[in-house]
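Let's take a walk through this protein together, from the overall picture down to single residues. Have the sequence and the model side by side as you read.

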Amino acid sequence: MEVSRRNFLKVSSGIAGGTALGGLAGLGANLAPTLARAQELRIKNAKTTPSVCPYCSVGCATLVHTVTGKIVNIEGDPRSPHNEGTLCPKGAATYQLHVNPNRPMRVLHRAPGAADWEEWDLDRAMTRVSELVKKTRDETFIERLDDGKLVNMTPAIFSLGGATLDNEWNHIHQKLMRGLGIVAIENQARI
Ligand code: SF4
């Protein structure tokens with residue numbers, strides 16, 4: 001690989017900016033073996049557990065690598081007949097669902113009309129949600145239709161589940177929603 005002055009400057013700026021690999025790749029260097037080696041070292045001695053991407057109903061198979069109980073890597077499972085080791089960008093970022101310092105860990109509440117968020121403890125937030133669900137259900141509950149048909153439902157509450165809810169969660173969630181008389185139930189993974 002011949003390095004011209006122009007290309008040298010390109011690599012130098014890449015290194016200065018913390019993107020030395022990007023700079024080398026820009027010069028045509030084949031980084032595949034280096035990256036493969038780095039990946040291999042990361043999961044060396046890791047325990048591998050088969051799993052499923054949580055983000056949509058395709059259900060791509062994944063391999064979760066853990067070292068001393070901590071997730072160090074998640075990638076597509078090449079044995080899977082439908083995703084054959086590949087993951088879409090969302091699935092490829094599943095690692096960050098677990099390990100992400102930017103993930104919100106506190107309950108934030110913004111009152112109607114307020115401009116700022118207020119930090120609430122979880123018990124207070126759960127109690128408030130329960131109060132509002134009960135109030136709305138009580139005010140809108142329909143026991144029978146005009147023709148006398150028993151329906152025991154409320155049309156005033158809608159449940160939309162996130163794609164990361166697993167089967168067990170969805171099972172319990174359905175029971176709770178149906179028990180409350182909520183009929184509008186959807187899940188992002190199905191949408
Ligand atoms: S979000 Fe992407 S990786 Fe995950 S199951 Fe769906 S298609 Fe597969």
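Residues are numbered from 1 along each chain as its sequence is written. Please keep in mind that this is a predicted model: local features need pLDDT of at least 70 and side-chain atom pairs count only at pLDDT 80 or more, while totals for chains, interfaces and linings use all residues.

Is Lys44 buried or exposed? Lys44 is exposed, because 10 other C-beta atoms lie within 10 Å. The scale works like this: a residue is buried if 20 or more other C-beta atoms lie within 10 Å of its own, exposed if 12 or fewer, and partly exposed in between, with C-beta atoms placed from the backbone. Between the C-alpha atoms of Lys44 and Thr66 there are 10.0 Å, although the two residues are 22 apart along the chain.

Thr66 leads us into a sheet. In β2, Thr66 is the residue opposite Lys47, and Thr62 in β2 is opposite Ser51. β1 and β2 (residues 61-67) run antiparallel and are joined by six bridges; two strands pair if DSSP finds at least two bridges between them. The open sheet has three strands in the order β1-β2-β3, with antiparallel pairing. Its edge strands, each pairing on one side only, are β1 (47-52) and β3 (70-76). On average, neighbouring strands of this sheet are turned by 30° against each other, direction ignored; such angles run from 0 to 180 degrees between N-to-C directions, with axes as lines fitted to C-alpha atoms, for helices over the stretch in contact.

Now look at helix α6 (residues 122-140). Its 19 residues reach 27 Å from first C-alpha to last, close to the 27 Å expected at 1.5 Å a residue, where the expected span is 1.5 Å times one less than the number of residues. The number of buried residues in α6 is zero, so this helix lies largely in the open.

Next comes the ligand. Residues around it include Cys53, Cys56, Cys60 and Cys88, counted when the C-beta atom, placed from the backbone, lies within 6 Å.

Stepping back, the protein has seven helices and eight strands, and buried residues make up 8% of its 191 residues.

Note on methods. Helices (H or I, at least four residues) and strands (E, at least two) are DSSP runs, numbered from the N terminus.
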